[in-house]
Amino acid sequence: MKSSLEAPEKQIAEETSAKSARGTDSSGGEPQTQASVIDTSKMSAGKAAALDLAESSRDPLDERGSFASNLFIGRFDFDRISPWPSQSAEDRAAGAEFLAQLKAYLHENVDADEIDRTGEIPQKNIDELFAMGAFAIKIPKQYGGLGLSQVNYGRAAMLLGSWDANLTALVSAHQSIGVPQPLLLFGTEEQKAKYLPRVARHEISAFALTEAHAGSDPATMSLQADPTPDGSAFILNGEKLWCTNGLKAGVLVVMAKTAPKIVNGKERKQITAFIVDVDTPGLTMPHRCHFMGLRALYNGVVNFKDVRVPRENIIAGEGKGLKVALTTLNTGRLTIPAACVGLCKRLLEISRKWASERVQWGVPIGQHYAIAGKIAEMAGNTFAMEAITFLTSALVDRKAGDLRIETAMCKMWSTEMTWKIADDAMQVRGGRGYETAQSLKARGDEPTAVERFLRDCRINTIFEGSSEIMRLFIAREALDPHLKVGGAIFNTQLPMATRIKSMFSSGSFYTRWYPKQWFGGNPGNLDHLHADLRGYLNYGASTSKRLARGLFHAMMRFGPKLDREQLLLSRFVGVATELFAISATCSFAQSKIDAGEPAAEVLSLAHYFCRSARSRIDHHFAGTSRNADQRGYDLTQELLAGKHENLRKGIV
Ligand SMILES: Cc1cc2nc3c(=O)[nH]c(=O)nc-3n(C[C@H](O)[C@H](O)[C@H](O)COP(=O)(O)OP(=O)(O)OC[C@H]3O[C@@H](n4cnc5c(N)ncnc54)[C@H](O)[C@@H]3O)c2cc1C
């Protein structure tokens with residue numbers, strides 16, 4: 001079955017790579033970006049410019065795709081994620097000492113409630129964590145770091161996330177998005193030699209992209225970098241907002257606008273990434289921002305007044321700043337889900353303990369179905385979260401291709417599930433969940449800080465790519481193979497002859513690909529899996545075909561307007577993400593059984609998770625044909641236009 005699937009899908013890959021290899025559009029100048037494939041003619045100028053910039057900074061997807069990206073074209077390559085990519089004994093040993101040290105240190109020396117109450121992380125903690133190497137986990141040893149793998153970094157983030165979110169943010173913003181990660185990816189040897197030893201051992205770093213008017217849409221950025229007359233440096237003017245670690249940092253990665261470029265007769269904005277020393281004259285931090293949670297975040301406004309930055313501090317070349325930011329985040333995004341796994345394990349433990357101790361109506365509350373249901377959901381989702389996050393981390397270590405869809409799914413799914421788990425943990429703890437640890441302690445109760453965990457984790461669905469933006473990002477990548485094969489049909493900016501030609505060439509492709517999406521679905525050889533798990537993979541293989549059909553039908557129905565149908569696309573993204581989670585969970589469960597963990601316990605978790613994920617998938621599919629999306633959209637436009645005045649009455 002699998003081989004019969006391969007021909008058209010191979011063609012998707014071949015057409016895709018042939019087009020990227022040709023790489024020029026009809027005007028023969030610039031490499032063709034998807035912006036010239038996606039029809040931007042009906043978009044507002046702002047949206048078209050934003051899309052143009054984002055697309056020009058996007059690397060084409062690896063033509064083999066990845067396990068998760070292939071789900072959207074009806075291809076279920078379970079053998080790419082199973083057997084589970086176990087951490088080698090050598091890699092485990094390399095991280096063991098540091099992880100044991102970090103665990104003991106957090107337990108003995110970090111008072112997370114006190115940090116939350118005072119809004120300050122003791123400098124002693126920061127110094128001692130630096131000395132331990134906690135700010136240089138992935139930095140190679142030659143630059144003073146620990147040189148550990150992504151999996152070991154994830155295990156450190158899990159420990160941190162289970163204990164203190166403020167420290168997690170400090171450590172993570174520094175090395176997942178701050179100076180180390182972009183320099184490791186794009187830095188010159190001189191830049192690495194100059195900055196990595198500093199940020200490895202004593203200097204905190206930060207990442208400054210957001211501005212007051214440029215949040216999810218960096219194209220509207222206004223921080224300006226102008227070259228000096230001799231071209232040896234740039235002068236930066238403007239302001240950044242919400243720069244995490246900014247107030248403690250010695251060095252920043254700053255994204256700034258540089259002179260625009262003319263591409264195919266049109267002006268395209270250029271964003272450039274600079275390494276900026278915080279003590280450069282003209283750089284000030286006039287305001288520390290305060291939030292609902294993460295009260296000890298050293299986050300602030302960064303002001304630039306004629307700040308001179310040498311040209312050699314540009315990362316990856318002029319105009320490559322957005323690409324630096326997007327690529328940095330592709331892997332950087334894995335730290336938050338790893339920290340979420342740690343937090344959810346802690347919340348599960350708090351809830352499990354309380355549900356077995358607290359007796360109401362004659363029995364422990366965990367024996368009431370309503371509470372038992374929440375705890376089962378916490379356990380199943382935490383298990384799956386660990387599976388997707390550590391599967392993806394292991395694939396990063398193995399350099400197993402382009403994993404941007406997996407990392408975005410990990411970030412989106414884990415942060416949303418964590419919020420639900422924190423909310424449920426608060427419900428399980430009842431009034432004590434809502435009471436602060438300090439107050440609980442003062443009246444002699446156990447100081448369990450569920451309210452702090454809830455406050456601290458809320459931001460995770462917003463920063464480093466909000467959930468909405470993650471869904472758009474995944475949907476964009478999911479449509480990529482189709483846009484490359486047939487996108488020109490929909491593009492009213494292209495000459496009619498090109499569009500007709502595309503209709504014929506893609507037509508022949510789709511007449512072979514489409515019928516295959518109606519038959520079977522083969523997950524490959526499952527002999528190595530426990531019999532109980534195989535059914536979920538068979539389901540995964542056939543459901544990925546249903547997903548591919550659904551997406552194709554939506555393209556036919558909405559054509560170039562599909563990108564506006566965000567709620568519809570989000571349901572397809574939801575299906576694929578749950579399929580990814582089911583598959584990773586089964587692979588993870590098998591690895592645990594193989595390692596000698598009690599099969600009955602492992603299977604009980606896997607069964608619960610896979611069955612609940614299937615009902616979420618049913619719900620997503622049901623919503624693709626029956627929903628109130630258009631009515632909801634119209635209602636919102638009425639509200640935005642000031643109608644429904646009655647709804648505003650009766651309040652202060
Ligand atoms: C505590 C904290 C720490 C932060 N740390 C950093 C940092 O270190 N460095 C840094 O550069 N930035 C940082 N940020 C900024 C953060 O990344 C942004 O808040 C985030 O990118 C969203 O931007 P915004 O808040 O302006 O929301 P907006 O972009 O204004 O979005 C508002 C809402 O609209 C949604 N939305 C926006 N566009 C679309 C669309 N096209 N389709 C559908 N929905 C859409 C968003 O998802 C969101 O729900 C931080 C923010 C906070 C609060």
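1. On the domain 1 side, Phe-580, Phe-588 and Tyr-608 supply 26% of the area buried against domain 4, more than any other three residues. Bear in mind that this is a predicted model.

2. In terms of contacts, 26 residues of domain 1 meet 23 residues of domain 4.

3. What about polar links? Salt bridges between domain 1 and domain 4 come to zero. Polar contacts do turn up: four residue pairs across the interface of domain 1 and domain 4, with both residues at pLDDT 80 or more.

4. Which elements give two or more residues to the side of domain 1 that touches domain 4? They are α3 (67-71), α21 (566-594) and α22 (599-625). Of these, α21 gives the most, with 11 residues.

5. Now for helix α11 (residues 321-332). I checked its length: at 1.5 Å a residue, its 12 residues should span 16 Å, and the end C-alpha atoms are 16 Å apart, so the two agree.

6. Is α11 mostly covered or uncovered? Mostly covered, with nine of its 12 residues buried. The buried ones are Gly-321, Leu-322, Val-324, Ala-325, Thr-328, Leu-329, Asn-330, Thr-331 and Gly-332.

How values were computed
Residues numbered from 1 in each chain as written. Predicted model: local features only at pLDDT ≥ 70, side-chain atom pairs only at ≥ 80, totals over all residues. Heavy atoms only, no water. Helix = DSSP H or I, 4+ residues; strand = E, 2+ residues; numbered from the N terminus. Expected span 1.5 Å × (residues − 1). Buried < 20%, exposed > 50% of the residue type's maximum accessible area, 1.4 Å probe, protein only. Contact = heavy atoms within 4.5 Å. Buried area = accessible area lost by both parts, 1.4 Å probe. Salt bridge = Lys/Arg side-chain N within 4 Å of Asp/Glu carboxyl O. Polar contact = N/O pair within 3.5 Å; in protein donor to acceptor, adjacent residues only side chain to side chain.
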